Amino acid sequence: MTTTPLTGPHDLVEAAGHPHGGGNMKPHYDDRLANEDLAPLRKQKWSSYNIFAFWMSDVHSVGGYVTAGSLFALGLQSWQVFVALIAGIVIVQVFANMVAKPSQKTGVPYPVINRVVFGIRGANIPAIIRGLIAIAWYGVQTFLAAESLNIIFLKFVPGSAALLDVSFAGLSALGWISYAILWVAQFLLFWNGMEVIRRFIDWAGPAVYVVMIILAIYLVSQAGVQNISFTLSTTQLDFWASIPVMFAAIALVVSYFSGPMLNFGDFARYGKSFAAVKKGNFWGLPINFMFFSLLTVITASATVPVFGSLITDPIKTVEQIDTPFAILLGGLTFVTATVGINIVANFISPAFDFSNVAPKKISWRAGGMIAAVGSTFLMPWNWYSNADAIHYSLGVLGALIGPLFGILIAGYYISARQRVKVDAMFTMDAKGPYWYRGGFNPNAVKAVIAAGVPTVAIAIFPKLFADLGLFNLSAISDYSWFVGCGLGYVLFLLFERLDPRIPTFEGETEGISDGTVDTVAEAPVVDEVPVLAQKVADAATPGSGSGTSSSNAAATLRQTAQDAAGPERGTASSLRRSDAGPREALA
């Protein structure tokens, strides 16, 4: 049988950051559901360090700095803050491991694995919700990075101050210049693909740490060690009053990471083993976040004796240091940090999410560009400073992250019993196991609505009532993620018990990814045999292709045979080892 590649190396659906063929696009995959960005990966190469670096990029940001600093200003004793930090970040670690497993085992991104739970078409529901959230925050993070860049311009290009007096659409001319520079820089980084992004985050996270450590040492030397306090609040709560505040702090930590945690499968799919992903999560979350928080509170505490007031914004801290080198180094570092979190949290997610909606027309790159362009049209500088605008717009979408998480976990671990027929996620056949009813799993749709409505109400109405002067129940809103996650989990399992939809494929082994099995026997990849036969024939034919010599033909034949002999990721025929895959030299 002769097969013709569905795409070429420069087509719209070229695999993001991978050579042509990086995604295992089988001939029978429906192009309305698959391209080489969404198909299961042929090679999963990321080590635990790459996952660790991902979380460094997510933590080391202006938002992460302010969030960590705010916990030490809640009126809690320092040991209570650290207990809350540890509890919150361990919860994030456990949930990140849970959402990582289905994508790492099958080699597919977050929106694709949702086809198992929501149905072939229904998977677009969580994809679009997550994508819209990412678009909004992508613009915000780019704007924040531009603010850091403004400081550098004002310090080193004095004439740029005149550009602050000229504005368009609510943003100064200097702001537009900085925003455009950052927008283009992120575009170029993203356009070069996932491997370039991997190298960037491998470098960016440690670079931010180096500068933060230098900043902390400098400020402590100026303030004196005796003036450093691990409590940034001017008031102290008694023990019983501090308990609900501790729980609120735990909820804040989980909520802060809820977005990237939901679509962490977009990155976990690249992990060379689930063990490597879990190891990276351990170092990247509890260890990394605790050390970062420690640096944050030391730095913020030192600003009081050095500058005369508490400064919890690292950009403003750097701005107060009247040394050109410090401003340049600090400004560029926090620009790098903000770009890092923007790429990993708000660019990759909509790239896969929007590509999932129309794979034939929207590649991974095109999906990312939709997010980048859309975020600019939202003009985040106009509404970011308006707490009400954020609360009543993103609050609605953000409240749905919990239910979506709970439904995915319940569907994969309980209903599907971690057993997924990988190829079935890429067929529009009405008889396919994930077609359900018109491409939608009615149980998942009902669970989103039933869990989403009360969760949105909990997130939105307490503030509305307080603003109207009725009564203040705003503390309930702190737990909207937990409420939504629990409701989504329980309601989905209830609907599945009343009307079971998700298959478990008991007794089947061929083409099944079984998350409960770590090591299975290797079996031949039947689907690749016709492709191999054709390539052997092409390589053996004199003058075939573009004038391939006999030696090149032999090399092509050897490489093709090696590729075909390799186990297919994401099925029961792949060899599962915790140390699978070569160790990559990190850039």
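Biologist: Leaving aside neighbours within four places in sequence, which residues is Asp 30 in contact with?

Modeller: In this predicted model, Asp 30 is in contact with Phe 426, Thr 427 and Met 428. Asp 30 itself sits in the segment before helix 1 (48-59).

Biologist: Why is Asp 30 called buried?

Modeller: Buried means under 20% relative accessible area. Asp 30 has 17%, so Asp 30 counts as buried.

Biologist: And what makes the pairing of Asp 30 and Arg 32 a polar contact?

Modeller: Their side chains are joined at 2.7 Å, and the cut-off for such a pair of N or O atoms is within 3.5 Å. The pair therefore qualifies.

Biologist: Let's turn to Ser 474, in helix 19 (residues 474-477). Why is Ser 474 called partly exposed?

Modeller: The relative accessible area of Ser 474 is 33%. Buried would need under 20% and exposed over 50%, so a residue in between is partly exposed.

Biologist: Now the helix pairs. At what angle do helix 5 (residues 124-156) and helix 13 (residues 324-357) pack?

Modeller: The angle is about 165 degrees, and the axes are 8 Å apart. Angles over 145 degrees count as roughly antiparallel, which is why helix 5 is given that description relative to helix 13. The crossing of helix 5 and helix 13 is left-handed.

Biologist: How do helix 1 and helix 7 (residues 194-223) pack?

Modeller: They pack at about 60 degrees, with axes 8 Å apart. Roughly parallel needs under 35 degrees and roughly perpendicular 65 to 115, so helix 1 is oblique to helix 7. The crossing of helix 1 and helix 7 is left-handed. Among the residues that meet there are Tyr 49, Ala 53 and Phe 54 in helix 1, and Ile 201, Gly 205 and Tyr 209 in helix 7.

Biologist: How do you know that the span of helix 8 (residues 239-256) is close to the expected one?

Modeller: Helix 8 has 18 residues and reaches 25 Å from its first C-alpha to its last, against 26 Å expected at 1.5 Å a residue.

Biologist: What caps the N-terminal end of helix 8?

Modeller: Asp 238 does, with a side-chain oxygen 3.2 Å from the backbone nitrogen of Trp 240.

Biologist: Which helices do the buried residues of helix 8 pack against?

Modeller: The buried residues, including Met 246, Ile 250 and Val 254, pack against helix 2 (62-71), helix 3 (78-106), helix 9 (258-262), helix 11 (274-307) and helix 20 (480-498).

Key: Residues numbered from 1 in each chain as written. Predicted model: local features only at pLDDT ≥ 70, side-chain atom pairs only at ≥ 80, totals over all residues. Heavy atoms only, no water. Helix = DSSP H or I, 4+ residues; strand = E, 2+ residues; numbered from the N terminus. Expected span 1.5 Å × (residues − 1). Buried < 20%, exposed > 50% of the residue type's maximum accessible area, 1.4 Å probe, protein only. Contact = heavy atoms within 4.5 Å. Polar contact = N/O pair within 3.5 Å; in protein donor to acceptor, adjacent residues only side chain to side chain. Axes fitted to C-alpha atoms, helices over the stretch in contact; angles between N-to-C directions. Left-handed = near helix turned anticlockwise from the far one by under 90°.
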